[in-house]
Each structure stands twice: as structure tokens, then as C-alpha cells.
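Please open the structure in a viewer and keep the selection panel at hand.

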Protein chains: 2
Amino acid sequence: MNMKTLIIVSHPNVQDSTTQSFLKKSAALEEVTWHHLENNYTYTTIDSVKERNLLVQHDRIILQFPLYWYSAPAMLKQWMDVVLSEKLSLRGKEFGLVVTIGVKEKAYQAGGSEQFTLSELLRPFQAIARHFQMIFLPVFTISKFSYMTEEAYKKLLIDYRQYVSIDFPETFAKKEAWFLDRLNEVKEKASQPEHLVLLEEISRSFTHNQETLEELVWTLEEMK
Amino acid sequence: MNMKTLIIVSHPNVQDSTTQSFLKKSAALEEVTWHHLENNYTYTTIDSVKERNLLVQHDRIILQFPLYWYSAPAMLKQWMDVVLSEKLSLRGKEFGLVVTIGVKEKAYQAGGSEQFTLSELLRPFQAIARHFQMIFLPVFTISKFSYMTEEAYKKLLIDYRQYVSIDFPETFAKKEAWFLDRLNEVKEKASQPEHLVLLEEISRSFTHNQETLEELVWTLEEMK
């Protein structure tokens, strides 16, 4: 896997955010660059040359932020206003969003408490992807992080790692290959407790996948 | 007309913007407060108490800005992040947007060069209006200001003045009443050249309206 991912994180209180520290640990992969925008970034302090170089050097660009008034925090918009430029060539790169929200995701639908979908609200980002001829990835949403179960955290860790490192579209076969890679990595150094947790999760997921596969094969046989 | 309008202007180079200086002159009305956000506004310098008081004291709130990467300039987002708060009661107020764009408005449509409509891209603002139970007004768009004809500038002046001061929905009757008010104002002090220009425009508009009315009456008669 040679694809390089840049995660641009904007969070006004990142040091107090358990979500962001969880994600930072989850994204600690060789091919991933974690780039946190400092709170004191201003028009004059953002080094647009440096930032543009970072963008150009990566294959997948991810903006990661809590939804503030249905959009990115001002700091990230400032970064965009300064760094994004017509001269910048980002063609063919992948462009993803990791958005944390404080309510359930289903609140964002017609008839829900927020009435509009996240796809609608995040349209300006889709327009940016289109403008630069980047491939817009499905939005990765994390809702009500603090209320998650232990099981949900494990699932989030796997899903998020895949989002930042797996090739899109996320086919079943690719997910399996990704799991196999991780499994081999873990086998090599399985003495550490954190790897054992991952190993356990992987085994469970594989078992589940295999059961699903067996069911599908069985259903197909019946249909013949 | 006792309705009070607050125009919050965000433009990173307002002193160089011919559009904004034109609009500022056009909005010089008794019932309108022109509030330009200074470039050096930051989280620490925005006086949220003062800003919230301004919002509460007005009946129509208008955000006026050039579209920067399909959204508001970072400065305005900063103002929103700091000032907008769950505790703020804006219920029943009107909420409008005056958006300047550098391309023709029809570029913002499916199949156009921008592919998405302004209504789609500005959805986060509509969501804010809905959140605070404000009435979202039709977006007022100004496209390619520098390329406008003299005639188009005059029309823009009238349309913009109506947008910031007329009651919504903009019915034909209300527009006529608005024109009559302006006409009476102008008659009182018609010696100044700028008033004569306005007077001329009003007369033309009235003539046009009357012709339309006559046609409609005639068509209705025919249908009987």
C-alpha cells in the first residue's frame, strides 16, 4: 500500500477532544500524515507554499473537523481561503471528510430535527472536490462519540483506519485484503496488548464475513 | 416603515471593492445599520455581547459577502462561530444573504460550470435560519458587478434597496407602495442630481408596471 494520506485536522479545542485523540491514535499508520491546524493560524501565519506542497505530496486529502454551524470551523475555512488556489493542481486525488456531530446522524434528514442531510450541508466541499477534479469520497461521520459502547469504539477504529488507508471504492474483496494485511502485521508482534485487541476484532470480523459469504453461497445454490 | 435591518458585511478587501462601496451607498437608509466586520476580528476580539445585542435589536439580518470557495469568507464564519449561540433568541426575524459571485449566476446549476445551485451551496445558512426559527429570504445574488451596464447598476440599486427595506413576500402591491414612498421622498428634495436619477428610474419602473397591469387587465377581459 503506497497511497499516502494527509489528514488535516481542525478543532478549536483539540487538546480537550477525546474524539480527536482517539482518531489520532487510530491514524498512527506509516502512510498517514497527521496535520493539525493550530488555533492561532491567521492569514499572515499560514505558510501557503508549505501547505500546498503537503497537499501535492499526498494521494488522499482528508479534512477532519467537528461540524460548527453546519460547516467547518472558521479556522479550517481560513486555511482553505489562503491555501486553495486556482494554480494548485490536485487532479485525480481523493478528497474525504471526517465529520464529528453531537447528535445522532439520523437527525440530519428531511423530517429529522436538523431537516437537512449532511450531503446537502457539505455540498460546498463536494463543489471544491469537483472544482479541482478530485474524487469525492463518501463522508465519514462520527456521531455522539462520548456515548459509544466499547464495541462501537472498536468498530470505529477499524472503519476509520480503513477510511484513511484503504483504496476506494471499498469493495468486500479490498476490505478482506486490508484485514489480511493487518492480521499479518499483528501476528508478527502479537505480544503487545493493543495488538491483541486488534487481533481479536479482526478474527471476529473475519468470522462474521465468512458466515455472510457462506450464507450468500448457500442462497445462490438454492436459486439455481 | 419601522422594520430595522442589520447588514453584516464581510469582505477581506472591502476598501478595494467597488461592489461593496456601491452597496454601502445604496443602503444609506434610515432604517438600515451597516456593520462591517473588520479583518482583524478574531475569537478574542469579537465582542459577542455587543454583536448579539445588535442582532436582537433588528428585525431583518442580512449577511453580505463574496462567495469564497462556495461559502462565506473565514472572517464571517469566525463571527458566526463566536456570536451564534443556543441562548440567542432570533425567532421570527428575517434572515437574508447578499452574495456576490465572479461568474454568471447560471453557472450555478446542474450542467453549468459550477454544477451546483447557490441554493444547494448556501444550505448551511438556510439551516441556521431554520435552527433559530428565522424566516429565510430569497438569496440576493450579484454576479459580475464590474461588467454591468449603467442601466443594470440602476436596477441593482433599486432591487437592493428593496431587498434591505421592503416587507417580504415582495408582492407587486408592496413594491408599488415602496416606489410611491420613495417618489414622495424624492419630490421633497428633487434639486439634487442623485435624486433626479432615482426619480427618472422610478418613473420608468412605474410606467412599465402600469403597462403590465393594463395588459393583464386586458387579457382578463378577453378571457371572460
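**Conventions**

This is a predicted model, in which local features need pLDDT of at least 70, side-chain atom pairs count only at pLDDT 80 or more, and totals for chains, interfaces and linings use all residues. Residues are numbered from 1 along each chain as its sequence is written, chains are lettered from A and ligands numbered from 1 in the order in which they are written, and side-chain values use heavy atoms, with hydrogens and water left out.

**Stop 1: helix α1(A)**

Select residues 18–26 of chain A, which form helix α1. Helices (H or I, at least four residues) and strands (E, at least two) are DSSP runs, numbered from the N terminus. Within α1(A), colour Thr19(A), Gln20(A), Phe22(A), Leu23(A) and Ser26(A), which are buried. They lie on the same side of α1(A), because they cover an arc of only 160 degrees around the axis; the arc is that of the directions from the helix axis to the C-beta atoms. Buried denotes under 20% relative accessible area, exposed over 50%, and partly exposed in between (1.4 Å probe, protein chains only).

Then display the partners of the buried residues: they pack against strands β1 (5–9), β2 (32–36), β3 (60–66), β4 (94–101) and β6 (140–143), and against helix α6 (150–165), of chain A. Contact here means heavy atoms within 4.5 Å.

**Stop 2: a salt bridge between strands**

The structure holds 10 salt bridges over all chains, each defined as a side-chain nitrogen of Lys or Arg within 4 Å of a carboxyl oxygen of Asp or Glu. Select Glu94(A) and Arg60(A), whose closest N and O atoms are 2.6 Å apart in one such bridge. The pair links distant parts of the chain, with Glu94(A) in strand β4 and Arg60(A) in strand β3 of chain A, 34 residues apart. Glu94(A) counts as buried at 12% relative accessibility, and Arg60(A) counts as buried at 0%.

**Stop 3: salt bridges within helices**

Where do Lys77(A) and Asp81(A) lie? Both belong to helix α3 (residues 74–83) of chain A, four residues apart, about one turn of the helix. Lys77(A) is buried at 5% relative accessibility, as is Asp81(A) at 12%.

Finally, select Lys155(A) and Asp159(A), both in helix α6 of chain A and four residues apart, about one turn of the helix. They form a salt bridge with closest N and O atoms 2.6 Å apart. Lys155(A) is partly exposed, with a relative accessible area of 48%, and Asp159(A) counts as partly exposed at 25%.
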